[in-house]
Structures are given as structure tokens and as C-alpha cells.
Amino acid sequence: MALDVLIVDDSAAIRKILQRVLKNTDLSLGTIHEASDGKEAMATLAGNDVQLILSDINMPNMDGLELLAAVRQDSKHSKVPVVMISTEGGQEKVMKALELGASGYIRKPFTPDQIKEKLVGIV
Amino acid sequence: MSNQPANAVSTEKLVALLIGATESTFTMMLDLPVVPGGYHLEPAIPVNFSGIVSIISFEGSSIGYGRIASSEKLACQIASAMLMTPFDSVTDEVLDAMGEMANLIIGNVKSSLEDEIGPLLLGIPTVISGGKYRTWSGGASDWIVLKMLCGDEELEIRFFIAPATKVSSSRLEGALKTELV
């Protein structure tokens, strides 16, 4: 089954990098959606089904942790794996993300292999 | 997690964190070589510049700024490596890549400092480009000015941090001025 993915990051550069990394994995990909903040991500999720979300934390309007909490409350996407990808590497932030239901946490900067290895365990 | 004041972190440690964050960003995200080119401390004085400057602030128990500056040539090189697309002139994508460089480098330093000085909130990068301009940054403490060498090009990283009790947020907002020369 093709995997539809939502990439959420306020940096267009990071969204492009993650798209490229995803396309270089063995995953059978469907549509890759993009959003530049949590609010835009929730609007995308309202109209689309996805099977994986990759999200930054520090974003305007609605940050990644707020998005994560909202996704876990969303009846359609509450079980979708959400992987946080962020420069925030402090233990407190990581624990908070995991408590809110993050499926994984990757610290920026990252190598493509780190993303791939994390996704193999999750998807 | 302790909440030591920012001045409990030595200049040498801050420089080491800046170098480490820059090296890991260049290695992991760009696959470009970079080496430290030395650092010095500088008071808040106007600095003339022509190129690309990316600025990001943070606040919490301490407040401060990080500023990443490069020539247009290096900025294009960085964007080309990051996005695996050739850029021979500055476009919105190049500016976005430089904004992300500030986020990656200063964001990593911020995260490393949090274990010692408490939680810090990172802002959103601002990127300035085009023409000759002058920047001036306020604050009583000296700025760390670190040079990182990437081939023939130089990336300059300026970093300032002070305990929140010493510099109020409102003063910091007006402390960074940029004007065309």
C-alpha cells in the first residue's frame, strides 16, 4: 500500500531535503504533502489521509508539539506515526514529545541514513 | 537541569559549542569540509558587511543572538549542497537555506546550553541580503566572533548571550539595527 506522508517544517529547504530522503528509501510512497506550520498541517489533514507525519517543533502559528497533541486527538489520524525532527535536543523537550505520543525523535542536523534508519523501525 | 546564569558558561566552552555545531551541520547536512579559523571577542560596534546575513535570537533564563554571515558565493555553495541543486545567484531558496543554517548552528548551541542554564526559546531566522549594509548590535557583553573556513570562503559566526536579568527583552528588540551603507 502506498504511503502518504505529511512533512511539516517552516523551512522550505528542510522540506525539500526530507522529500529527497523519503524518495531514496525503499518505502512505497504515495503523495507527499507539505505544510509550513502546525495550523497548515491540520488543514491538510482535514482533507487528506496520511500514514506518516514528519514534523519540526519550532514553527510559528502552531508548533510541532501542539500539532502532535492535536493529531493524537484527531479521530482520523490519532494512530498515525509522528516523527519529530528538530534542533531541540534537550531531554525535557524529547520527553515531552514522547509523552505526547511521538513515534520517534531525530535531532537536526541529520544525515539521510539517520532518517532512513528511524523510519524502518516505525513504518 | 541547573539554572546557572549565562556568564557561568565560559567563552571557551561557547566557542567549542559553536565550532562543534558548525562542523556537524556542514558534515551531516552539506557534506562540505569546514575548519575553525580562530575567534576573538568584540564589543557592540557597527559592522559593515556585504553578503548574506542570517540572524536568530533566543530567550529564557538568558537572552542573546546568533548571526551567520557569508559571501553570496558561499551562500550559493551552501544552498547547492543542502538542496542538491546548483545555484549561481542568490534566490529565495538560497536565503531559506541560510536561514536554516542559523537555525541549525545556533539551535544546536542553544540546546547544548539548556542543560546548564535552563530552558531557552529559539526564535525564527531573519535573513538579510543585497547591497552594502551596516549592522549594530547592543548589549553590555562582548560578542564572540568566530571564523569558520570552507575552502577559500569564510563563514563568520557572531554570538552574544547574557543573563536575562541584565538585558531586558525590550532592550534587546531594539538592540539589533541594520542600515544600508
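The entries below go from the ground rules to chain A, its helix pairs, one of its residues, and then chain B.

**Ground rules**

I am working from a predicted model, in which local features need pLDDT of at least 70, side-chain atom pairs count only at pLDDT 80 or more, and totals for chains, interfaces and linings use all residues. Residues are numbered from 1 along each chain as its sequence is written, chains are lettered from A and ligands numbered from 1 in the order in which they are written, and side-chain values use heavy atoms, with hydrogens and water left out.

**Chain A, overall**

I looked up the elements and found five helices and five strands. Helices here are DSSP runs of H or I with at least four residues, strands are runs of E with at least two, and both are numbered from the N terminus. Reading chain A from the N terminus, I noted β-α-β-α-β-α-β-α-β-α.

Next I checked the dimensions. The C-alpha atoms of chain A fill a box of roughly 30 × 30 × 25 Å along the principal axes.

Of the 123 residues in chain A, 50% are buried. Buried means under 20% relative accessible area, exposed over 50%, and partly exposed in between, with a 1.4 Å probe and protein chains only. I also looked at contacts (heavy atoms within 4.5 Å). Among those in chain A between residues at least 6 apart in sequence, 63% join residues at least 24 apart.

**Helix 1 and helix 5 of chain A**

Helix 1 (residues 12-23) and helix 5 (residues 112-122) of chain A pack at about 60°, their axes 10 Å apart. Axes are lines fitted to C-alpha atoms, for helices over the stretch in contact, and angles run from 0 to 180 degrees between N-to-C directions. The two helices of chain A are therefore oblique to each other. Angles under 35 degrees count as roughly parallel, over 145 as roughly antiparallel, 65 to 115 as roughly perpendicular, and the rest as oblique.

On the helix 1 side I listed A:Leu18, A:Val21 and A:Leu22, which meet A:Pro112, A:Ile115, A:Lys116 and A:Leu119 of helix 5. By class, this contact has six nonpolar, no polar and one charged residues. Ala, Val, Leu, Ile, Met, Phe, Trp, Tyr, Cys and Pro count as nonpolar, Asp, Glu, Lys and Arg as charged, and the others, Gly among them, as polar.

**Helix 3 and helix 4 of chain A**

Helix 3 (residues 64-73) and helix 4 (residues 91-100) of chain A pack at about 15°, with axes 9 Å apart. That makes helix 3 of chain A roughly parallel to helix 4.

**A:Ser55**

I found A:Ser55 in strand 3 (residues 52-55) of chain A. At 1% relative accessibility, A:Ser55 counts as buried. Beyond neighbours within four places in sequence, A:Ser55 touches A:Val8, A:Gly64, A:Leu67, A:Val83, A:Met84 and A:Ile85.

**Chain B**

Chain B has four helices and eight strands. I looked up B:Tyr133 in strand 5 (residues 126-137) of chain B, and it is buried with a relative accessible area of 1%.
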